[in-house]
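Hello,

Here is the structure for your files. Please have it open as you read; my notes follow below.

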Amino acid sequence: MRRIVHDGPLVIGGGLAGLSAALEARPRRVLVVSPEPLLQASASAWAQGGVAAALGGDDAPELHAADTRAAGAGLVDPSAAAVLTAEGPATIDWLAGLGAPFDRNADGGFAVSLEAAHSRARVARVGGDGAGRAVLSALVVAARAARHLTIWEDGRLLALVGSDAGTVVGAVIQRTDGPVMVLASAVILATGGVGGLFAETTTPIALRGEGLAAAWLAGAEVLDPEFVQFHPTAMDVGLDPMPLATEALRGEGARLIDRDGRFLLGAEPDADLKARDVVARAVHRARAEGRGAFLDGRAAVGAHFPEAFPAVFAACLRAGIDPRETPIPIASAAHYHMGGIAADVDGRTTVPGLFAVGECAATGVHGANRLASNSLLEAAAFGRRAGRAAADTEKRQGRVSTPDVPPALGADDLAALRRIMSRDMGVVRDGAGLVRALAELDAIAGRSGEALSLIAARLMVEAALARRESRGGHHRSDFPQTDAAAVHTRAPGRTSIKARAAA
């Protein structure tokens, strides 16, 4: 295997979190590794709603933090939420300074929208529903112009490299011309979420929790992996992944109905703006009962669809639906992973030299149920913090241990894995289904080996089976109650890299 030594941080992932970290790590030299060209296969680019921050005169970071804690169902770290929301306005200014074209009011201030479970209108948007791509595009331009960055756009993480000092000192990256071991002063994982593990998802299917699994294999603690957010308004039009109908539509007054026009959550004007787990279960229930589920924007948006929500409108037209005249068929689909690699607000994990940011990290700001549009804020705000912290990390000493590279999962086994996860780790779960899922995951591993995606799936299913309650995005039909005490799930890393290196 080829080996190179990079004098600076290695960032694995080219989404909003990874590029924010890379840009803020200057003047250190940074190597950014992305499996595909920037802007492709990144969930950041697909985000429609916007970036949440306390920007209005009637708002404050403390109110934003309170809403974040309320949505998280008892598992939000108050100090992490306070840091995130306090940095919200400055993060919006930073992104705008890089060229992110946020919508503006007549007086030049940021235009903000209301989304579910927010007590104030505080979501900064771009072109109605194009925030993710527009914001990430600005960072891509800045990254390509940054002299301190080198970008590989053909590299996929295979394994992390440890030392006998118990630190992470690099990674094995699969490139077009073969694998290469990159040794670096620090490794920042920004590998995204787990949506690709599910047959019904709104995220790029290449995102399958591989960074989470590699970190766990390297000894890093994984926090709350059972908590997956299912977006209630994925467009059910036969596409994989499923196009997203942004939550901002409901903020503008679009309603959730069944095929007979009955409201799914009640006739009150704000009935459809409950926390996402509540709405996702209502959509799931209506479909399971054969009533169907639809998002009706005819009255609230109507003729304004093309300019108000161009991405949703274009997706509808591609599917043969005119949302100005017809309700959009919807389903609840895997959308965001609240759990992940345990990390602090600077991205530090439990293994020295290893940082995690964005959706692959669990920093405590999302708890059991992410507040809408906090994800892009976290990616940028905590990505910047991690970049600065990693830049101050000096190269770790110790004997390098060449890691075992997990096998790849074949197409048929990957398809089976995705079916298992949607069936048994979906919106509503039960013990029998979770036990069945573990047995079937073991069967796949028996014939294909312990692929990273299988490891990530097993961590999630085992945690869901152990949590004998319903909380936030985790709903057990056999344990529908919510326990009085909110307790985290902590999965210690498989074994310390120091112990493996010594062996």
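**R285 first, then the rest**

R285 lies in helix α9 (residues 276-288). Helices here are DSSP runs of H or I with at least four residues, strands are runs of E with at least two, and both are numbered from the N terminus. At 42% relative accessibility, R285 is partly exposed. That label covers the range between buried (under 20% relative accessible area) and exposed (over 50%), with a 1.4 Å probe and protein chains only. S332 sits 47 residues from R285 in sequence, and their C-alpha atoms are 10.0 Å apart.

**Ground rules**

This is a predicted model: local features need pLDDT of at least 70, side-chain atom pairs count only at pLDDT 80 or more, and totals for chains, interfaces and linings use all residues. Residues are numbered from 1 along each chain as its sequence is written, and side-chain values use heavy atoms, with hydrogens and water left out.

**The chain overall**

The chain has 16 helices and 21 strands. Its radius of gyration is 22 Å, close to the 23 Å from the globule rule for 503 residues, so the chain is as compact as a globular protein of that length. The radius is taken over C-alpha atoms, and the rule is 2.2 Å times the number of residues to the power 0.38. Along the principal axes, the C-alpha atoms fill a box of roughly 65 × 55 × 45 Å.

Of the 503 residues, 61% count as buried.

L31 is in strand β3. It is buried, at 4% relative accessibility. L149 is 118 residues away along the chain, yet the two C-alpha atoms are separated by 5.9 Å. Beyond its neighbours within four places in sequence, L31 contacts H6, P9, L10, V11, T150, W152 and V182.

L38 is in the loop between β3 (30-33) and α2 (43-46). L38 is buried too, at 7%. Setting aside neighbours within four places, L38 contacts G14, L19, V140, R144, I151 and E153. E252 is another matter: it is 214 residues from L38 along the chain, and their C-alpha atoms are separated by 32 Å.

**Backbone points to check**

- The peptide bond from R26 to P27 is cis, with omega near 10°. P27 is in the loop between α1 (16-24) and β3.
- D240 and P241 are also joined by a cis peptide bond, with omega about 0°. P241 is in the loop between β13 (228-235) and α8 (248-251).
- D224 is not a glycine, but its phi is positive, about 50°. D224 is in the loop between β12 (222-223) and β13, and is buried at 3% relative accessible area.
- S373 likewise has a positive phi, near 70°, in a residue other than glycine. The loop between β19 (361-362) and α12 (374-391) holds S373, which is buried at 6%.

**Cysteines**

How many disulfides does the structure hold? Zero, taking a disulfide as a pair of cysteine sulfur atoms within 2.5 Å. C316 is buried at 0% relative accessibility. C360 is buried at 2%.

**An exposed loop residue**

A299 is in the loop between β15 (294-296) and α10 (305-308). At 80% relative accessibility, A299 is exposed. A299 and L434 are 135 residues apart along the chain, with their C-alpha atoms separated by 42 Å.

Best wishes

Terms used
Contact means heavy atoms within 4.5 Å.
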